[in-house]
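Please read the following as a walk through one model, from the overall dimensions down to single residues.

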Amino acid sequence: MLFPTFDFLLFFVAVAAAMTALDGRFLAKKIVLVIASYFFYAQWDWRFCFLLAFSTAVSYGAGRAIAAAPGARRRRAVLTAAVTVHLLLLGAFKYFDFFVLSTNQFAHLLGLQHELPFLEVILPVGISFFTFHGISYVTDVYRGDVEVCRQPVDMALYMSFFPQLVAGPIVRAAYFLPQLQRESREPIPVAAALVLILGGLFKKVVLANYLATGLVDPVFAAPTGYSGPDLLLGVYGYAVQIYCDFSAYTDIAIAVAALLGFRFPRNFNQPYRAQRLREFWQRWHISLSSWLRDYLYKPLGGNRHGRAKTYRNLMITMLLGGIWHGAGWKFVMWGALHGGGLAAERIVEPWIGRRPRTSAGKALSTILVFHFVCLAWVFFRAEDFDIAWVYLGGLGSGWQNGLQQVGPFAVMLIALGLATQFTPPDWLERASAIIGRLPYWGMGAMAGIVVALINALGPEGVAPFIYFRF
Amino acid sequence: MVAIDRSLVGSELAAAGATNADAIPAAARRAGASPGQVLALTVIGTLVLGLFASRDLPSWTERLEDVPFAPTIRVAAAQWDAAMERIGFTRPHEAIREEIRALLDRGWGAAE
């Protein structure tokens, strides 16, 4: 069930009706939200609901066991066991066949004929997200950063809450569980939620979908048929597409949660305006990068043990961050590029400074960081390494003829997508203030008309969000 | 299990403050509604959408496979769309789609 569909709209109307009927009965609301979330998840494959329930039970049980454990050694053993179970789940469903494929390829190189069998399991949608929820919860309980959750329904809702279940943002237990202790009586920020939903729908249905079908998919499918300028616009197009696609999902998730009375953290902050690669990671998929920082980079030692170990820790963190996105060497390469880029930036920082000072320096830095990110996107998007190298090789050819096949419509979409990076920081507040002047029925009518307009502007049919496969 | 330490600062990854920053800042929370108003707003939006996006209802109902009363829903969707066409509410949708199609056919599209 995708957000920009009639199915989801009707589902949300039913949930909103239940929330209204149960106003003031918070426990009943939470139970209904858990049932709704499992119904939402079952639309992909009902069997995966058992996996989600198991992951929830492991997290809940481990949290209680850590809280009840008499000594540090016992607490640590429970934490280790719980994290191992979560990682085994993720490994079995997401990485086992990749491991088998890589092992078989290596065996072939050595001249061995025997092949390990593949499991060929379907990747459960959202497993990377709810596994990270589980790991962060038990780790935070162990660290004392969050109170142990004693209500099974709270744990179930934290792990399964449908707005963030399949593609994030990764919401920390310390952020979300306190919201489940008592019902929020603050007014629902309906104007801001509508702005996020309408903006998200435009980014996904119009910008991301047209760029995907009209530019990125064909260019990445056969890069040899395009000139260098076409290929360059193809990767710009992908940079805009993946931003519009993923940020649209999280914008709508944030808004849907808000309409149900819950807060989510910010996940994107105009990432392509970053002037340093470090800054890019403070603006892109913030919930993942902060997760990696707190549960991987810092435990590895962070920047405490000298330069060499800092670079090593950055590289390990980004390599694992890369492979979190998918089981494939191209994602490892993507992570390696970012890890290497972050380390290189640290090395030259004494000379270039932490931030550029002049306007020209800022503009140049933004352009450089954007192009480095685009270079990494080539590996992220290409089907495999061979295509990626062909793509990069093709970027140098055919410049004398200019753009051959990319039309002005695609250029306009790219420009529009990049323009979203440079809107005023308080655009949400401004837009909310304008819409907030309408009565609530007027907001509903306006939203209906704008959604109908976006629906008519976009191509027919809705492609799944890119991050569903992660 | 690697050592767990929270005492670090200056990470390359997301700044600590950003982790817990609400996606909807306080200044954007001024216009508030109750759950009942949210429901009313959603129902009104759905109805308005049903008026102006009825062209896509029949194809949506075709994708409903395991839903009870799917044939009845399909007939109702077709009838609703026909009624909207008679009133003229489908014209904006068709005009926009037509313009976009013409735009793409004139070579505004991208890679073939």
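The model is predicted. Chain A is built of 19 helices and one strand. Along the principal axes, its C-alpha atoms occupy a box of roughly 70 × 60 × 50 Å. The radius of gyration of chain A is 23 Å, which agrees with the value near 23 Å that a compact globule of 470 residues would have. Of those 470 residues, 49% count as buried. Among the contacts in chain A with a separation of 6 or more, 76% are between residues 24 or more positions apart.

Next comes the interface. On the side of chain A, 75 residues are in contact with 59 residues of chain B. Helix H19 of chain A, residues 440-457, gives the most to this side, with 13 residues. By residue class, the side of chain A that touches chain B holds 48 nonpolar, 16 polar and eleven charged residues.

Within chain B, helix H4 covers residues 70-87. Its 18 residues reach 26 Å from the first C-alpha to the last, close to the 26 Å expected at 1.5 Å a residue. Which residues of H4(B) are buried? They are Ala77(B), Asp81(B) and Met84(B). Seen down the axis of H4(B), the buried residues fall within an arc of 65°, so they line one face of the helix. An α-helix has 3.6 residues a turn, so residues three or four places apart point the same way. The face of H4(B) turned away from its buried side carries Pro71(B), Thr72(B), Gln79(B), Ala82(B) and Arg86(B), which are exposed. Just after H4(B) comes Gly88(B), with a positive phi of about 105°.

For Gln270(A), phi is about 45°. This residue sits in the loop between helix H10 (228-259) and helix H11 (277-283) of chain A. For His285(A), phi is near 40°. His285(A) is in the loop between H11 and helix H12 (286-300) of chain A. With 23 other C-beta atoms within 10 Å, His285(A) is buried.

One more loop residue of chain A remains. Tyr226(A) lies in the loop between helix H9 (190-221) and H10 of chain A. Tyr226(A) is buried, because 25 other C-beta atoms are within 10 Å. Between Tyr226(A) and Ser432(A), the separation is 206 residues along the chain and 43 Å from C-alpha to C-alpha.

Conventions. Residues numbered from 1 in each chain as written. Chains lettered and ligands numbered in written order. Predicted model: local features only at pLDDT ≥ 70, side-chain atom pairs only at ≥ 80, totals over all residues. Helix = DSSP H or I, 4+ residues; strand = E, 2+ residues; numbered from the N terminus. Buried ≥ 20, exposed ≤ 12 C-beta atoms within 10 Å, placed from the backbone. Contact = placed C-beta atoms within 7 Å. Nonpolar A, V, L, I, M, F, W, Y, C, P; charged D, E, K, R; others polar. Rg over C-alpha atoms; globule rule 2.2 N^0.38 Å. Expected span 1.5 Å × (residues − 1). Arc of directions from axis to C-beta.
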